[in-house]
Amino acid sequence: MNRIMYHLPSFVLWIVVFYFLSERSIFRYQHMGAGVDVGLFENLFYNLVHNAKAITSIGIDGNLHHYFSDHINWYIYPLSMLYGLFPFVETLLIFQAFVLSIPILILPIYKFDIFYQWLYPFIYSLFLPIYWIQIFDFHPEVVWIPLFFLFFYFWKQNSHYWILFFLSCLIAKEECALVFIVFSLVEWKSKKKESLWIGILSFVYFFFCLLLLSLLRDSNLHHQVPAHWERYQHPITALQNLHLFPYLFLFLNLPFLFLQFKNLFILCLIPYFLYSIFSSYEVNKTPFTHHSFIAVPIILISFLEVIDRYSRKSKLLFGGTALLVSTTLFFGFGPFSKSYSYKKEYMNPGVSVKDVSILRNLVPGKSVVSNVPQYLSNRKDVQLILPNRNDSAEYFVYYQFNTQLLPSYIPNGYQWEQNIENYIQIYKRKKID
């Protein structure tokens, strides 16, 4: 009975956060506020379910490609089975909300202690990156967050289950291997044999990922290098474009009063720091996207490891201050503020949910190019409209947002066919005699 009562506060908090993350992301999707990546993964899962191929035309250069030419994430296969059972985008968003909120239930397992029962789950539930990750579409690599919490728990418990969760973390995304390479160095003194095994396996797996990323690229390319390599070709230019990086640093670290930097464990984020700062793409330097997923468990664990060494009074002081700072940031920059919806209209509340239903049922089974492919991704072939490209899809579908005019660019070879509700325009590819 005591165990049940101990976990009751975190369970109630988890229900609230899980519901909130699910409801807000579904609301955003149903009001035309979703980004393109959710369409990428639905299209990928659709092709896995119906064609047994891990291919999509959304992402990279907009042409048909194997997903592993973009990123290496083995969880796409079990997730495609989930999508096969419940073929809706909402399924993916609910799953992601579950994954992001479940650490609230994991933290009390770490130690039978009032701080782990109340304080730390609350601090995690107020951590803004998990809300930005959820609103920034869907990405299967977020499974890393709860899996790493579980890996570290069993690692500290000297339980062999750490092996299972290490392997589970490793296959979440290619850069996870870099984290474990540094982890093996940090933990070398305490567990040499295990650290050596982790380091070698992670090193080998990382180069295996680079090989896959290169081999599965388009064979017509002159240079078979991994996707996104262009982001790191101009490091000096990237260093000159750091206006968003301070926000990334502050939003990730300020809630924990920078105490996590007193723990060597934070060094595991050196790879994340390097590929963020040397990327010439702003998306890697901002806290408003999913790219911060890899930092979430490491920062929180580093903070817990430091604060656990303090006296009870110091724990109350620093823990209470961290909770106050987290609460202030949450209400100042979180879901209750317009800044939560980065560079977009706040949730597009004026858009009818009917629009999504119309788009989802347009020209079923036909290939489509569109400015909103994330709402037409329940088919084999769908592409994002890009200028200066010869599109061959059967239809061009244009969705006119409230702030937009008529399409400024119509692909060559398409003629107008019909308007739906005056703001959904359908163009059909001309037949060549």
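Colleague: In which loop is M32 found?
Modeller: In this predicted model, the helices to consider are α1, residues 2-30, and α2, residues 36-51. M32 is found in the loop between α1 and α2.

Colleague: What is the phi of M32, and is the residue buried or exposed?
Modeller: M32 is a residue other than glycine, and its phi is positive, near 65 degrees. Its relative accessibility is 3%. Buried means under 20%, so M32 counts as buried.

Colleague: L257 also has a positive phi; where is L257 found?
Modeller: L257 is not a glycine, yet its phi is about 60 degrees. Its relative accessible area is 21%, and L257 is therefore partly exposed. As for its position, L257 lies in the loop between α13 (245-253) and α14 (270-277).

Colleague: Which helices and other elements cover the buried residues of α13?
Modeller: The buried residues of α13 are F245, L248, F251, L252 and N253. What covers them includes α7 (128-135), α14, α15 and α16.

Colleague: How many helices and how many strands are there in the protein chain?
Modeller: The protein chain has 433 residues, of which 54% count as buried. Among its contacts with a separation of 6 or more, 69% are between residues 24 or more positions apart. The chain holds 17 helices and seven strands.

Colleague: How many disulfides does a search of the whole structure find?
Modeller: A disulfide is a covalent bond between the sulfur atoms of two cysteines. The criterion is a pair of cysteine sulfur atoms within 2.5 Å. By a search of the whole structure, the number of disulfides is zero.

Colleague: For C169, which cysteine has the nearest sulfur, and how far away is that sulfur?
Modeller: C169 is in no disulfide. It is buried, with a relative accessible area of 0%. The nearest cysteine sulfur belongs to C176, at a distance of 7.2 Å.

Colleague: How are α9 and α10 oriented to each other?
Modeller: Two packed helices are described by the angle between their axes and the distance between the axes. The axes of α9 and α10 come within 8 Å, and their crossing angle is roughly 135 degrees. The relation of α9 to α10 is therefore oblique.

Colleague: How does the contact of α9 with α10 divide by class?
Modeller: On the α9 side, the contact is made by F166, C169 and L170, and on the α10 side by C176, A177 and F180. By class, the residues of this contact are six nonpolar, no polar and no charged.

Colleague: Against which helices do the buried residues of α10 pack?
Modeller: Helix α10 spans residues 176-186, and its buried residues are C176, A177, V179, F180, V182, F183 and S184. They pack against α8 (144-156), α9 (161-170), α11 (192-215), α14 and α15 (296-307).

Colleague: How are α10 and α11 oriented to each other?
Modeller: The axes of α10 and α11 come within 8 Å, and the crossing is left-handed. The angle is roughly 155 degrees. Angles over 145 count as roughly antiparallel, and α10 and α11 are therefore roughly antiparallel.

Colleague: How do the residues of the contact of α10 with α11 divide by class?
Modeller: From α10, the contact involves A177, L178, F180, I181, F183 and S184. These meet S195, I198, G199, S202, F203, Y205 and F206 of α11. The division is nine nonpolar, four polar and no charged.

Colleague: What is the make-up by class of the contact of α6 with α16?
Modeller: The crossing of α6 and α16 is left-handed. From α6 the contact takes I114, F115, L119, F122, I123 and S125, and among its residues from α16 are R312, K315, L316 and F330. The classes are nine nonpolar, four polar and two charged residues.

Colleague: How far apart in space are Y398 and Y423?
Modeller: Y398 is found in strand β5, residues 395-399. With a relative accessible area of 9%, Y398 is buried. Y398 and Y423 are 25 residues apart in sequence, and their C-alpha to C-alpha distance is 7.9 Å.

Key:
Residues are numbered from 1 along each chain as its sequence is written. This is a predicted model: local features need pLDDT of at least 70, side-chain atom pairs count only at pLDDT 80 or more; totals for chains, interfaces and linings use all residues. Side-chain values use heavy atoms; hydrogens and water are left out. Buried means under 20% relative accessible area, exposed over 50%, partly exposed in between (1.4 Å probe, protein chains only). A crossing is left-handed if the near helix is turned anticlockwise from the far one by less than a right angle, and right-handed if clockwise. Helices (H or I, at least four residues) and strands (E, at least two) are DSSP runs, numbered from the N terminus. Contact means heavy atoms within 4.5 Å. Ala, Val, Leu, Ile, Met, Phe, Trp, Tyr, Cys and Pro count as nonpolar, Asp, Glu, Lys and Arg as charged, and the others, Gly among them, as polar. Axes are lines fitted to C-alpha atoms, for helices over the stretch in contact, and angles run from 0 to 180 degrees between N-to-C directions. Angles under 35 degrees count as roughly parallel, over 145 as roughly antiparallel, 65 to 115 as roughly perpendicular and the rest as oblique.
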